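Okay, thanks for making it, everyone.

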Amino acid sequence: MSPTSAHGRWLLPAVALLATAGAARMPLAQEPPRPPAQNAAPAPEFKDVDAFLASLPPAVVKPLEPQSALLFTALPLACLDELQPKPPARPYFWDVTYKTVDNYDKTRAFYGCSDWHTAVNATWTVVTLLKRYPDLPVGGLIREKLTDHLGRLNLEGELSFFKDAGAFERPYGYAWLLKLQSELANWKDPEGTRWADNVAPLAKYFADSLLAFLVDLDRPNKAATQANTAFALGLLLDYVDVTHDSTVGRVTSDTARRLFQSDTSCATETEAASPEMVSPCLAEAALMSRVLDQSTFVAWLDKFLPPVFSVKFRPLASVSLDAVGTGRRGGRGQRGGAPSAPATPPQPKQPPAGGERGAGAEPPKTQEAQAAAAPPGGGAGPGGGRGGPPASPRATWTGLAFTRADAYTRLARALPAADKRVTVFQRLAAIHGEKGQQGLADPAAFDAPWLGTYAISYLTLTGGER
Amino acid sequence: MTRTMTPAMKRRAMRPRALGLAVLVLALGPALPAQQNGSPGAPTANPPFKDIDALFKSLPAAKAPGLDKSQALWLATMPLACLDRPQAHPPSRAYLWEATYKPVDDYQKNLAFYGCFDWHSSVNSIWTLVRLVKSFPDLAVAPIVRQKLSRHLDKTNMAGELAYLKGAGAFERPYGYAWILKLTAEITDWKDPDAQKWAANMAPLAEWTSKEMAQFFKTLDRPNRGGVHPNSAFAMYLMLDYVDTIKDEPLRAAIVETAKRFYEGDKTCETKTEPAGSDFLSPCLTEAALMSRVEERKAFLSWLDGFLPAMYSPDFKPLTEPVETTGLTKPERLAGKSHLIGLAFQRGAVMNRLADVLPAEDRRAGVLRRLAALHGVKGMQGMHDAGYFGSHWLGTYAVYYMLSPQMPH
């Protein structure tokens, strides 16, 4: 839990109250499949914040409770031992045969759930849920899985692998591992303590490696995927909130200010052009709300986000699970973004030639080939990496709903109480949270265990638990 | 061509190298503009120039390297030396799946572009050989060049390439695809019996590639504006040579529509942040060069005025200074270093193109030609300074630069 979660406990009731306050259902309230943002019909520009607020539909987010917690454990439990797929592409010029590494179940921890970071956050999910609901009927099963995956030897194998793995899974996967470690470390449970001890050396290695990475990072990645720098920095701050690791906290905050404080006029109009799981503008704003003092943040936000009632803000006001989008982003629209983590770890024993596919400033070819094999937008979801089953557009939109809900919650908290946007952001959080919960009911969600992870991240942030 | 460079390398690449500069400068001009300090966009120590004449006067004289027969001979040896050196297999250290690789059977008969480090470099190395023998038919190495071309561009090789690409998704798209089309144009345009045979062998691959690229750009929502392979403007710019030679109107229409959609509204390009540490092309100059071939001349000139910052302004300064790379010596930095060396040729080539489009009396034309020459000189100095990371592709960029419309001597 973040230290501010107690503060958040009033949020859901407040949202429910607002919901019954008789807001008229205005155009935004209906849910026609929304065309891609840039093709949207000219939207009415609202007169002011109040008019915009009045236009927003009511929304109710169901709190986390034992039944939904049980369901949320099912997805990770079902995928933790389902082996990640082989790389799908046949490399040019080479015939290739694959076999699993020897004793992978003893020397690796996170080999299920489509890809490494999803396996890590699936583990985080079951830990988080078991901590909050110790009486879950699947508690014994969760402990069995954790014992199998988080043994000392498994984590030693991970560490030795990562020492030679270049930029693989950095920073997003690294940040999730640190979040997992923070959950384990403050779990008052003998087994939890043992698992935390086992994970600690890897977490330490990742923390050190991330510090060096961040200090050297001169441009953020602003993609709408998990490669987004602001998004990953937010995860790191989650870790800092729990562990109070002041070194990571300071470097993360410094990096955020250095990379983002001079940003103005975020390109909201290009958001959600295709299924994507992160809002670059909101992720950045949410991050800055955590690293600037209030008055500095308010001044920064005024320059960064368009007025909430303006047409420019419209793409951020709602998400449709059925939107088709135009399907393909033109690479990163940003010039010279940060390197994204390669899809496969590099071969360290090779001359630097081998690193060409591993640690380049651009997505490696193998990843390009994989992305191409996926349907439009499939690469956008965290389930789409590394040749795993591509996330359906619907699942990706659902993920976006939760990551936005999370960001809006943080924005609402960071503003002064008298700021009219507080209520607006709270409502937008609820609208997106509700939409995400609708998306979870879709069968497509079962192929995307990370959706539950994002749902829980958001719900625990708001204190929406019973 | 390679893709590796860390941000740390990048910063170091930009560090001032006063000593290296002193050696490189032809020392005819007054003080060379200060090398860029620190990170991109950092204010430079020198005050900005008063006007474009002041900038021009500050530039050292330079003689642009030209393509003659002796240059051609040694430039041809680089592609000859890499064409049959097989590419390395992908990294095999695995998290879960261990891969064992062997070259596909009969690859010499069924594939063509398996040398020169990577696929696109193999394609553009062949383009280099074609271009050189076409310009200098009695080049001493012409017979061996023809032998290599016959072996690589045979019908079965091209059929195998097409079959592979059809199942390879985004592999080498758009950069490698653009080079395939450029190569096809060069061969098709060569009045030589062997070349005509090779052109016929390549045609099915090129036609398929052209259709793929038209579709790719028509459905792309936004351009890639980076300084490496996926850059959208560069691929389109290269393909226009094919479009002009083959009269491929559908592809021309796709490029023109896409370029206008992406770039027509662009203003004030961020020249001040160029280059990123492993760039081998200039996003701003390349976009301008593309637009010069897409827009009517008059419309282009007025677009250019809004797009490029004044050449004497601090914002443009990074483009007036070839990047100093001599300090990069560690093996793990050579890949990124080779990119920065190649960047000099690419900048030079598009600067010459822009100078060629500007009215003769436009003062910017003279500045661009001088800068192009300075960059060309710099590229030639770095050519052999990055080992195989450089030699497998820099010859191509040198030739490409030398063929750009040069300063009249």
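So, to start: how many helices and strands does the secondary structure of chain A come to? The tally is 19 helices and one strand. Keep in mind that what you're looking at is a predicted model.

Staying with chain A for a second, there are 466 residues in it, and 63% of them are buried. The accessible surface of this chain is about 16800 Å², with carbon and sulfur atoms accounting for 58% of that. And if you take contacts between residues at least 6 apart in sequence, 82% of those in chain A join residues at least 24 apart.

Now the insides. Which residues have the most contacts inside the largest nonpolar core? Those are F113(B) and L290(B), in a core of 136 residues. The element that gives the most to this core is helix α10 of chain B, residues 193–218, and its share is eleven residues. If you click on L290(B) and skip the neighbours within four places in sequence, you'll find it in contact with A233(B), M236(B), Y237(B), L240(B), I255(B), A259(B) and Y263(B). There's another core lying apart from that one, with 124 residues, including W176(A) and F313(A). As background, nonpolar side chains tend to be buried together in soluble globular proteins.

Okay, disulfides. Over all chains the count comes to four. I'll go through three of them.

The pair C79(A) and C113(A) has its sulfur atoms 1.9 Å apart. The angle about the S-S bond is 80°, and the link is right-handed. C79(A) sits in helix α4, residues 66–79, while C113(A) is in the loop between α5 and α6 of chain A, so this pair ties together parts that are 34 residues apart in sequence. Is C79(A) buried or exposed? With the buried cut-off at under 20% relative accessible area, C79(A) counts as buried because its value is 7%. C113(A) is buried too, at 2%.

Next one in chain A: C266(A) with C281(A), sulfur atoms 2.1 Å apart. Here the torsion about the S-S bond is about -90°, so this disulfide is left-handed. C266(A) is in the loop between α12 and α13, C281(A) is in helix α13, and they're 15 residues apart. Both ends are tucked away by that cut-off: C266(A) is buried with 12%, and C281(A) is buried with 2%.

Over to chain B, where a disulfide joins C269(B) to C284(B), S to S 2.0 Å. This link is left-handed, with -85° about the S-S bond. C269(B) is in the loop between α12 (249–263) and α13 (283–294) of chain B, C284(B) is in helix α13, and again the separation is 15 residues. C269(B) and C284(B) are both buried.

What's the pairing if you number the bonded cysteines of chain A in sequence order? It's 1-2, 3-4, and the disulfides of chain B follow the pattern 1-2, 3-4 as well.

Last stop, A414(A), which is found in helix α17, residues 393–414, of chain A. A414(A) counts as buried because its relative accessibility is 14%. Not counting residues up to four places away in sequence, A414(A) touches S289(A), Q294(A) and F297(A). D442(A) is 28 residues along from A414(A) in sequence, and C-alpha to C-alpha the two are 33 Å apart in space.

That's my tour, so over to you.

Terms used:
Residues numbered from 1 in each chain as written. Chains lettered and ligands numbered in written order. Predicted model: local features only at pLDDT ≥ 70, side-chain atom pairs only at ≥ 80, totals over all residues. Heavy atoms only, no water. Core = buried A, V, L, I, M, F, W, Y, C linked by side-chain atoms within 4.5 Å. Buried < 20%, exposed > 50% of the residue type's maximum accessible area, 1.4 Å probe, protein only. Helix = DSSP H or I, 4+ residues; strand = E, 2+ residues; numbered from the N terminus. Contact = heavy atoms within 4.5 Å. Areas by Shrake-Rupley, 256 points an atom, 1.4 Å probe, with all protein chains shown as cover. Disulfide = S-S within 2.5 Å.
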